[in-house]
Amino acid sequence: MAPSILQSMRGSKRNGTLEHVGATLDEQVEALREELVSLTELIREKGQKQGKYVRKQAEAGIEDLLSSSEDVLQEMRHLYARGGDEVRRTVQQHPFATIGVAAAVGVLFALLARR
């Protein structure tokens with residue numbers, strides 16, 4: 001079984017090399033600190049790269065969304081204009097039927113409003 005750190009320290013006390021063990025621990029702690037600094041820097045760089053990638057993807061998505069929404073808006077305007085033309089044409093062709101339908105809808109709303 002390998003000797004533990006405490007056993008090696010006890011043995012070091014007897015041999016008078018406790019300062020050597022302390023120096024070794026200090027060196028190991030310093031090496032760990034340097035590794036942590038290096039890992040932190042690496043994570044920061046990776047995060048920046050990933051952030052730039054995600055930002056580019058989002059910008060491309062927004063541009064596609066704006067383009068498609070402009071197409072949909074144009075199509076809606078066209079359909080609205082066509083619907084308006086169709087209503088005008090129907091009213092001009094059947095004026096009495098239009099008045100009758102409007103009166104029926106008014107009566108229906110009045111009945112629903114009473115309840």
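## Surface and overall make-up

The protein chain has an accessible surface of about 10700 Å², and 62% of that belongs to carbon and sulfur atoms. Areas here come from the Shrake-Rupley method with a 1.4 Å probe, and for residues only the protein chains shown count as cover. Please keep in mind that this is a predicted model, in which local features need pLDDT of at least 70 and side-chain atom pairs count only at pLDDT 80 or more, while totals for chains, interfaces and linings use all residues. Residues are numbered from 1 along each chain as its sequence is written, and side-chain values use heavy atoms, with hydrogens and water left out.

Of the 115 residues in the protein chain, 3% are buried. Buried stands for under 20% relative accessible area, exposed for over 50%, and partly exposed for anything in between (1.4 Å probe, protein chains only).

## Helices and confidence

The protein chain holds 3 helices and 0 strands, giving the pattern α-α-α along the sequence. Helices (H or I, at least four residues) and strands (E, at least two) are DSSP runs numbered from the N terminus.

How confident is the predictor, on average, across the protein chain? The mean pLDDT is 84, and 83% of the residues score at least 70; pLDDT is the predictor's confidence in each residue, from 0 to 100.

## Salt bridges along helix α2

The salt bridge count comes to 4, where a bridge is a side-chain nitrogen of Lys or Arg within 4 Å of a carboxyl oxygen of Asp or Glu. Let us walk along helix α2 (residues 18-93), where Glu-30 and Arg-33 both lie, 3 residues apart, about one turn of the helix. Their side chains meet in a salt bridge at 3.9 Å, N to O. Glu-30 is partly exposed because its relative accessibility is 38%, whereas Arg-33, at 51%, counts as exposed.

Another of these bridges joins the side chains of Glu-41 and Arg-44, at 2.3 Å from N to O. About one helical turn separates Glu-41 and Arg-44, because they are 3 residues apart in helix α2. Glu-41 is partly exposed at 33% relative accessibility, and Arg-44 is partly exposed with a relative accessible area of 42%.

Glu-86 also forms a salt bridge, with Arg-89, and the closest N and O atoms are 2.8 Å apart. Both Glu-86 and Arg-89 sit in helix α2, 3 residues apart, about one turn of the helix. Relative accessibility is 43% for Glu-86, so this residue counts as partly exposed; Arg-89, at 39%, is partly exposed as well.

## Two surface patches

Which residues gather in a patch of positive charge on the surface? They are Lys-46, Lys-49, Lys-52, Arg-55 and Lys-56. Lys-46 is placed in helix α2 and is exposed, with a relative accessibility of 54%. For charges, Lys and Arg count as positive and Asp and Glu as negative, with His and the chain ends not counted; the place of a charge is NZ of Lys, CZ of Arg, CG of Asp or CD of Glu.

Val-101, Val-105, Leu-108, Phe-109 and Leu-112 make a nonpolar surface patch of about 490 Å². Leu-112 belongs to helix α3 (residues 95-114) and counts as exposed because its relative accessible area is 51%. Patches are made of residues with over 30% relative accessible area and no salt bridge, joining like charges within 9 Å and nonpolar side chains (Val, Leu, Ile, Met, Phe, Trp, Tyr) within 5 Å.
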